[in-house]
Structures are given as C-alpha cells and as structure tokens.
Amino acid sequence: MRGKIPLRVRILAALTTEPDWDSITPDQVIELRAAQYRKRRSAVVGLVTGKPDRGARITTRTLDLPGRRLDVRVYQPERSGSALPLIVAFHGGGFIVGAPDQDDWLLSHLAANTPAVVASVDYRLAPEHRVPAQIEDAYDAVLHLVELAPVWEADPTRIALLGSSAGATLAALCAIRANELGLSVRSQVLINPQFDWTARAFEYPSFTENANAPTATPANCRAVQRIALPESFDSRSISPLDSNNLAGLAPALIQAAGLDPLEDQAPAYAERLRQAGVEVTLTRYPEAVHAFLCLPGVVPAARPARAEILAHLRSHLPERSGIPAQ
C-alpha cells in the first residue's frame, strides 16, 4: 500500500462481506445492487455515508429520452434564487452498481453552498445495459437537463460537470464533447476517476501497489470490465486518456485517492490536459480510498476534498453580469 488505511475504514472492511468478484455472475450483480440499495436506507449506514445538507431540498424527476426514461435526483438550495448555475453529476460504481443517492452528502452540500442546482443522472447499468448505454445516457441527459434549466431557475450558460470513478468517465467525456453538444461548460470535477478502460488499466503501478485497498479491489476492477464491456468492444472509445480532442476543455479539478488502485490514472490524464493547454488542478489525498467522498463518516479526507470542490465551483461559476450573488 502507498499509505496507511484509516482505522475506521479498516473496521468497516472487517465488518463487510465482499462478493467474489472473480466469479460473480450478471444475475449476482443485479442482486448485489438491490442489496446495496437496501443498505443505504439503514440508519447505521448513514453514519458512514453522511447526512444530506439541510440547506438543500431533494426531489426526483424523470427525463423522457429517445427509447427510455431516466430518473434524475435534483438538489436545490432551500433559499433559492434566480440564475443559479447547473451542476450535472454522475455517480460511481463501475457502470454496474451505484445510484445517485450515494452522493447525497456531497451534492446536497454543493447545492446549498455554491449555491447551484445539482442534477445527478440515474443512468442505465450493466449487465442489463452494457456500454455504451451509459455514455449515450450521459450525452442525452445533459442536453435535456440544459433545456430544463429555466424550470429550476438555473442558468444554462453556467454548467459544471462532476463525477466520481466511472461517473468521472462520463463527466470527462461530456466535457470533451461539450462544443458538439452545445454546452457552456465552465468546470469539470473528476473524483477518484477512471480514465482508462483498456487493458492498460491493470498495468499502472498503483493497481499493484494499492492491490490490498478495501474498495475498488483489483478483482472488482476486473469484474467491472468483464460485465460492463461487450466482447470485442473498443474500450479506447470511452477512455478519456485516449481522446485526441482535449484542447479548449473547461478547467478541471481532479482529485486522486492515494490508496486507490486507479490512482495513477489521475495524474496521467492531468498531464494530457496540461499538454493540451487546459487549466488543471490535481490534488492527491494520500489517506483516501476509492469512493472516499461517499464515506465521510470513516474517511477524514472527505471533508477537505468537499471543501476544495466547493471552492473550485464557486471560483469557476461566477455570477452573470448584473446578477447579484445570493
């Protein structure tokens, strides 16, 4: 390991039974997802995942997209004002598990304190919907959310994209396609990100050096590739690290977790962005595990990381000319 795992994380890991990722079947993934959903309803789990900010109200809306409907979890400040920026978020989970409510602690705080309207997309998951369904959902959902921005008194010309883990893949890909999608993106926030979906993902030094981390284990990462990606799929097409069109992107905040097998992908992508002339802030949290911003009750680094995200968004989503600050 590249550092010492926080004590509370070690205790949590000792009390948690992980699936056998090397042999898990698609049906078992679906069962695991349902079990995780039930656990998130537990008061005990709430001590680990943190409570939503009371300064934000949370609702669920439905987007009617071509051929499917997606839910969106919307966070709005209780003291709402006009022309708030719009933050579109994507949860983590390797495209096979996860849901927007796992980010309540982070996203409600950002909504209340930026202030902003935050919309977290409940995109389709594998094995029922394999890649590229998730990328298609991200592109289509962002466009529809921009159209809906005035309904929530949000400003469609001040957009931030945010994602963690596989969700960071979606946020980064949307940022890359921003001009083509007609998006006015001012910021991208990429948390313990996955930028490489090729076989190279298993060759970074961090993948071996952090192999004993309790979250995003190597077996978990291999299972994600096996279940989410169709056979013969060109994974370079969804890997931001393989994009040749990075010039002119929105400023990026990339947060790397020092105890994450995926850690080395963060500085690799940061360097690609810098070479393309993109403004990048790369911050490494040495005692953070993968998904640490979903675990504020056991990972102390979650709070300074959240504060950094808030400061970054405030500085990159300025008020429109003539619109006073809330």
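Student: What is the relative accessible area of Phe292?

Tutor: This is a predicted model, in which local features need pLDDT of at least 70, side-chain atom pairs count only at pLDDT 80 or more, and totals for chains, interfaces and linings use all residues. Residues are numbered from 1 along each chain as its sequence is written, and side-chain values use heavy atoms, with hydrogens and water left out. A residue is called buried under 20% relative accessible area, exposed over 50% and partly exposed in between (1.4 Å probe, protein chains only). Phe292 is buried, since its relative accessible area is 0%.

Student: How many aromatic pairs does the structure hold?

Tutor: Rings of Phe, Tyr and Trp (its six-membered ring) pair if their centres lie within 6.5 Å; planes under 30 degrees apart count as stacked, over 60 as edge-to-face and the rest as tilted. By this criterion, the number of aromatic pairs in the structure is 5.

Student: Is the pair of Phe195 and Tyr269 stacked, edge-to-face or tilted?

Tutor: The ring centres of Phe195 and Tyr269 are 4.2 Å apart. Their planes stand at 35 degrees, so the pair is tilted.

Student: Which helix holds Tyr269, the partner of Phe195?

Tutor: Helices (H or I, at least four residues) and strands (E, at least two) are DSSP runs, numbered from the N terminus. Phe195 lies in the loop between β6 (185–191) and α8 (205–209), and the pair links distant parts of the chain, 74 residues apart. Phe195 counts as buried at 0% relative accessibility, and Tyr269 likewise counts as buried at 0%. The helix that holds Tyr269 is α10 (residues 265–275).

Student: What is the angle between the planes of Tyr285 and Phe292?

Tutor: Tyr285 counts as buried at 10% relative accessibility. Tyr285 and Phe292 form a tilted aromatic pair, 5.8 Å centre to centre, and the angle between the planes is 40 degrees.

Student: Which residues touch Ile191, apart from those within four places in sequence?

Tutor: Ile191 is in strand β6 and counts as buried at 1% relative accessibility. Contact here means heavy atoms within 4.5 Å. The residues in contact with Ile191 are Leu106, Leu162, Gly163, Ser164, Ser165, Ala168, Gln255, Phe292, Leu293 and Ile309.

Student: What distance separates the C-alpha atoms of Ser165 and Asn192?

Tutor: Ser165 sits in the loop between β5 (154–164) and α6 (166–176), and at 8% relative accessibility it counts as buried. Its contacts beyond four places in sequence are Gly92, Ile191, Asn192, Pro193, Gln194 and His290. Although Ser165 and Asn192 are 27 residues apart along the chain, their C-alpha atoms are separated by 5.3 Å.

Student: Where in the structure is Gln194?

Tutor: Gln194 is buried, with a relative accessible area of 8%. Leaving aside residues up to four places away in sequence, Gln194 touches Ser165, Ala166, Ala168, Thr169, Gln225, Leu262 and Gln265. The place of Gln194 is in the loop between β6 and α8.

Student: Which elements are included in what covers the buried residues of α6?

Tutor: In α6, 11 of the 11 residues are buried, so the helix is largely enclosed by the rest of the structure. The cover of these buried residues includes β3 (84–90), α5, β5, α7 (178–181), β6 and α10.

Student: Which residues line the largest cavity?

Tutor: On a 1 Å grid over the protein atoms alone, a cavity is a set of points where a 1.4 Å probe fits but cannot get out, a pocket is an open set with protein on both sides within 12 Å along at least five of seven lines, and lining residues have an atom within 4 Å of a point. Grid points are joined across faces, edges and corners, and a volume is the space filled by probe spheres set on the points. About 40 Å³ of space lies in the largest cavity, and β5 gives the most to its lining, with 3 residues. The lining residues are Phe90, Asp103, Leu106, Leu162, Gly163, Ser164, Ile191 and Leu293.

Student: Which element gives the most to the lining of the largest pocket?

Tutor: The largest pocket has a volume of about 1500 Å³. Its lining has 45 residues, of which Thr16, Glu18, Gln36, Thr215 and Leu295 lie nearest the centre. Two or more lining residues come from each of α1 (7–15), α2 (26–40), α3 (43–49) and α9 (218–228). The element that gives the most, with 6 residues, is α1.
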